[in-house]
Amino acid sequence: MRSARTAHTTQEIAGVYVCLCNALTDGQVRAAAAAGATRPKDVFATCGCGAQCANCTRLMLSILREGLAANAAS
Ligand code: FES
């Protein structure tokens, strides 16, 4: 049996917080990407908030790029 500690990617964990300042989850980032967001500032705008510490932007970009790559492959 696999524990949460052994998960390595955001795809293996459902509903993880990406942005702690705004309590945004990976699902919200993916939903924003599906709505056309390509940059973290687009995600913030879609979710009605803004960057505060910006520590989340690298992970957010990674999730956005995963979505863009998946769309390009399909
Ligand atoms: S963690 Fe996202 S703005 Fe601080």
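**Entry 1. Contacts along the chain.** I began with the contacts in this predicted model. I then looked up burial, and 22% of the 74 residues count as buried.

**Entry 2. Order of elements.** I listed the secondary structure and found three helices and two strands. Along the sequence the pattern reads β-β-α-α-α.

**Entry 3. Helix 2.** I asked which residues of helix 2, residues 40–47, are buried. They are Pro-40, Val-43 and Phe-44. These residues lie on the same side of helix 2, because they cover an arc of only 100° around the axis. I noted the general rule beside this entry: an α-helix has 3.6 residues a turn, so residues three or four places apart point the same way. I next checked what covers the buried residues of helix 2, and the cover includes helix 1 (26–34) and helix 3 (57–73). Beyond the end of helix 2 I found Gly-48, which follows the helix and has a positive phi, near 75°.

**Entry 4. Helix 1 against helix 2.** For each helix pair I recorded two quantities, since two packed helices are described by the angle between their axes and the distance between the axes. For helix 1 and helix 2 the angle is about 100° and the axes are 9 Å apart. An angle from 65 to 115 degrees counts as roughly perpendicular, and helix 1 and helix 2 are therefore roughly perpendicular to each other. On the helix 1 side the contact is made by Gln-28, Val-29 and Ala-32. On the helix 2 side I found Asp-42, Val-43, Thr-46 and Cys-47. Sorted by class, this contact of helix 1 with helix 2 has four nonpolar, two polar and one charged residues.

**Entry 5. Helix 1 against helix 3.** How far apart are the axes of helix 1 and helix 3, and at what angle do these helices pack? I recorded 10 Å and an angle of about 50°. Helix 1 and helix 3 are therefore oblique to each other. Their crossing is right-handed. Helix 1 contributes Asp-26, Val-29, Arg-30 and Ala-33 to the contact, and helix 3 contributes Met-60, Ile-63, Leu-64 and Gly-67. I sorted the residues of this contact of helix 1 with helix 3 into five nonpolar, one polar and two charged.

How values were computed:
Residues numbered from 1 in each chain as written. Predicted model: local features only at pLDDT ≥ 70, side-chain atom pairs only at ≥ 80, totals over all residues. Buried ≥ 20, exposed ≤ 12 C-beta atoms within 10 Å, placed from the backbone. Helix = DSSP H or I, 4+ residues; strand = E, 2+ residues; numbered from the N terminus. Arc of directions from axis to C-beta. Contact = placed C-beta atoms within 7 Å. Axes fitted to C-alpha atoms, helices over the stretch in contact; angles between N-to-C directions. Parallel < 35°, antiparallel > 145°, perpendicular 65-115°, else oblique. Left-handed = near helix turned anticlockwise from the far one by under 90°. Nonpolar A, V, L, I, M, F, W, Y, C, P; charged D, E, K, R; others polar.
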